[in-house]
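Welcome! Try each task first, then follow the solution step by step.

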Amino acid sequence: MAVTETAMAETVSAPSETCTIPVTGMTCAACNGRIQRTLEQTGGVSSANVNLMTGAATVAYDPGLTTPARLVDVIRATGYGAEVPAPDQSVDELLDAQDAARAAEMRELRSKFVVSAVAGLATMALGMAAGGDLTRYLQLALMLPVVGWAGRHFYTRAWSAFRHHGADMNTLIAVGTGAAFLFSAAATLFDDWFAARGVPPHVYYDAVAWIVALVLLGNLLEGRARGQTSGAIRRLIRLRPATARVLRGGREEEVPVAALRPGDEVLVRPGETIPADGVVTDGTGTVDESMLTGEPTPIAKRAGDPVIGATLNRNGALLFRVERVWGDTMLSRIIRRVQQAQGTKAPIQRLADRVSAVFVPVVLSIAIVTFVVWFDVGPAPAYLHALVSAVTVLIVACPCAMGLAVPTAVMVATGRGAELGVLIKGGEALERSQAVDTVVFDKTGTITEGHPAVRAITLAPGAEQAGL
């Protein structure tokens, strides 16, 4: 019994650190579900949360048992890309890197969508023309860039998932479009073999092109939604000024805010934003702290009073000593909390993850059953109808919306709340808030918009007679 209690005490007191690892290659809820389950089963990991919208895995781990480099290897072993996070990378640098990668991805997706859509229109036009063999060969030529370039990543990712004993959205798309393309190519190249057996050499090139094009369009819309979700954090970062006026060697020197160090003496003139957290050493003034407190009335500051970065100095020159620089300021901590909240999962997301984990295998099973039924009892040519029906099941079933809906809602809601001065702890708090019908404030509680507004004007007695 004593040994068990000691072991439990060691487990409870085990040190824990948290790291956020960028993950690439995720396309649906089945992807992040597989990565999360693998991380949770890794020794030394106490919890893991993989977010499809942010493209990152947040892992709490025991540094004595595992390392971020080891966790990256675990993610890569599942077939997805991951990089060890830079230890000194700031929030804005991380967002810049993510935006650059997202912009490059969007440009590529846009080009692939255009190629697929044009090929789809061309194959439809050729399909309505009576060209015989020549028409089918032209359609086959148009499909080569669609299958070989525009939709290539669907097939490579599906193969990667298969090699790692998994299946995801790419599996459905690759199997469906691949089967339709291969059947059409066989009907084009070996039409005599089909004709000898009484089977018309029908082709489905236009379906392949439009399926790839529409999925790419969906990916474009998803990428746009992901880009918009970082807007709230961007707006919080813009509250920080770009430069600060530092007193060094008895003279003023303008330096980037990132170059500030604890102990620096910074001068803030009227109308300027305070660049970091610190304590006033000289001067008097009033500071608008509504960004943080919501109070519309500026707060008087004098020597010895604390000042908070990103608040506005309304009047009077202030000289303050920097105590916390960017990365440790109040604003930075708010931004980190918003990021953490955006990366958390609501309870309903766990249900979606459980469904997504079995969704693709179930759809593949249904497609196989559909093929068998149509092959056994379907009209002639039975195998042709069976193939088309099975491919249809694979294409129309896609777990993307189910996996993206909840994390998108959490990211947008927490970001919008931060803009309005409301910090939401995470997805669970957000989901539970829908049942709130009463909010109680104590006697010191304050509800304010952060700025005064004129609601009504009432003239004093005799004002009209005085010409006012």
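Asp 288 has its place in strand S9; helices (H or I, at least four residues) and strands (E, at least two) are DSSP runs, numbered from the N terminus. This is a predicted model, in which local features need pLDDT of at least 70 and side-chain atom pairs count only at pLDDT 80 or more, while totals for chains, interfaces and linings use all residues. Residues are numbered from 1 along each chain as its sequence is written, and side-chain values use heavy atoms, with hydrogens and water left out.

**Exercise 1.** Is Asp 288 buried or exposed, and which side chain does the side chain of Asp 288 join in a polar contact?

*Solution.* 
- Step 1: Learn the scale: buried means under 20% relative accessible area, exposed over 50%, and partly exposed in between (1.4 Å probe, protein chains only).
- Step 2: Asp 288 has 10% relative accessibility and therefore counts as buried.
- Step 3: The side chain of Asp 288 makes a polar contact of 2.8 Å with that of Ser 290. Such a contact is a pair of N or O atoms within 3.5 Å; within protein, one must be able to donate a hydrogen and the other to accept it, and residues adjacent in sequence count only if both atoms are side-chain atoms.

**Exercise 2.** Where in the chain do Glu 289 and Lys 301 lie, and are they buried or exposed?

*Solution.* 
- Step 1: Start with the idea: side chains of opposite charge can pair when their charged atoms come close.
- Step 2: Apply the rule for a salt bridge (a side-chain nitrogen of Lys or Arg within 4 Å of a carboxyl oxygen of Asp or Glu). By this rule the model has 10 salt bridges.
- Step 3: Glu 289 and Lys 301 form one, at 3.0 Å from N to O. This pair links distant parts of the chain, 12 residues apart: Glu 289 is in the loop between strand S9 (285-288) and helix H11 (290-293), and Lys 301 is in strand S10 (residues 299-301).
- Step 4: Glu 289 is buried at 9% relative accessibility, and Lys 301 is buried at 8%.

**Exercise 3.** How many residues apart are Glu 108 and Lys 112?

*Solution.* 
- Step 1: Both residues belong to helix H4 (residues 91-128), where they are four residues apart, about one turn of the helix.
- Step 2: Glu 108 is partly exposed at 43% relative accessibility, whereas Lys 112 is buried, with a relative accessible area of 7%.

**Exercise 4.** Which strands pair with S5?

*Solution.* 
- Step 1: Two strands pair if DSSP finds at least two bridges between them.
- Step 2: Six bridges pair S5 with strand S6 (residues 251-256) in the antiparallel sense. In this pairing, Thr 243 has Pro 256 in S6 as its bridge partner.
- Step 3: S5 and S6 make a hairpin with two residues between them, and Gly 249 in the turn has a positive phi of about 65°.
- Step 4: S5 also runs antiparallel to S7, joined by three bridges. There, Arg 245 has Leu 267 in S7 as its bridge partner.
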